[in-house]
Amino acid sequence: EVEKIWIKITSLSLTESRITADETIQQLFVECRLNSFLAEETPLSLPKPMGGQRIHYNYSTVINVDKEDNHAEREYLKSILLKPDLPADSLKFTVVSDPAEDEQDLECEDIGFAYVSLKEIFQKQRDVIEQDIDVFDSQDAGTVIGKLTVTVEALNALRSVHEECKNV
C-alpha cells in the first residue's frame, strides 16, 4: 500500500516574461517525469494564464514502486538514497506549449521546467504538499517564469526502499 509515489499537479501561474508575451503560446499542459522511464502528462491543455491568473489542472497520478512489478523504478529510488552525488534525484515537471488546432505546423515546445527533489523529501522526512515550486525558463535556466503548485507524496515509498537498502 505504501509502495507508491503520489503526484498531483494542481495549478500553474506565469509571471510576465517572454512566455506571456509570445502569442504563439496559447495552450499549456504539464508533463511529469521520473528519470528516463516514466512520463505522465495532464490530459488537458489549458489556455495560458495571463499575469496574476492561475490555471487549474487538478491532475493526479501514481507511480508504483513495489518490488514485484516495478523493479526499475525501485532501483532508481535506491540509487537516489545510496548515491549522494546522483544528479537526477528529482521529479521533473515540464510546462509544454500545445499548438492551437489551426497551427498544426508548430511543434509542442517545452517552455519551462520545475523540480521536486526526492532526496530532499527523504532528508527532511517530509512530503511536498500543495507547494508552489519555481518554473524556470527552458531557454534561460536562471529566469523564473512562473509557479507550479504540486503535491508529491513519496516519503513512505522512500522509507520502504531505504529499509530494504539497510537489510541487504
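Two strands are said to pair if DSSP finds at least two bridges between them. Strands themselves (E, at least two residues) and helices (H or I, at least four) are DSSP runs, numbered from the N terminus. The model before you is predicted: local features need pLDDT of at least 70, side-chain atom pairs count only at pLDDT 80 or more, and totals for chains, interfaces and linings use all residues. Residues are numbered from 1 along each chain as its sequence is written, and side-chain values use heavy atoms, with hydrogens and water left out.

I begin with the strands. Strand 7 (residues 109-117) pairs with strand 8 (residues 128-137) in the antiparallel sense, over two bridges. There, G112 has D137 of strand 8 as its bridge partner. Strand 8 also pairs with strand 9 (residues 140-153), again antiparallel, over eight bridges. The two form a hairpin with two residues between them, and V135 is bridged to G146 in strand 9.

Is S13 buried or exposed? Its relative accessibility is 14%, so S13 counts as buried; the term means under 20% relative accessible area, with exposed over 50% and partly exposed in between (1.4 Å probe, protein chains only).

I turn now to charged pairs. A salt bridge is a side-chain nitrogen of Lys or Arg within 4 Å of a carboxyl oxygen of Asp or Glu, and the structure holds eleven of them. One joins R54 to D132, with the closest N and O atoms 3.3 Å apart. This pair links distant parts of the chain, since R54 is in strand 5 (residues 54-64) and D132 in strand 8, 78 residues apart. R54 is partly exposed at 33% relative accessibility, and D132 is partly exposed at 39%.

Another salt bridge joins E3 and R74 (2.7 Å, N to O). E3 lies in the segment before strand 1 and R74 in helix 2, so the pair ties together parts 71 residues apart in sequence. E3 counts as buried at 16% relative accessibility, and R74 at 2%.

A further salt bridge connects E164 with K78 at 3.0 Å between the closest N and O atoms. Because E164 lies in helix 4 (residues 155-166) and K78 in helix 2, the pair ties together parts 86 residues apart in sequence. Both residues are buried. Finally, E3, R74, E75, K78 and E164 are linked in a network of salt bridges.
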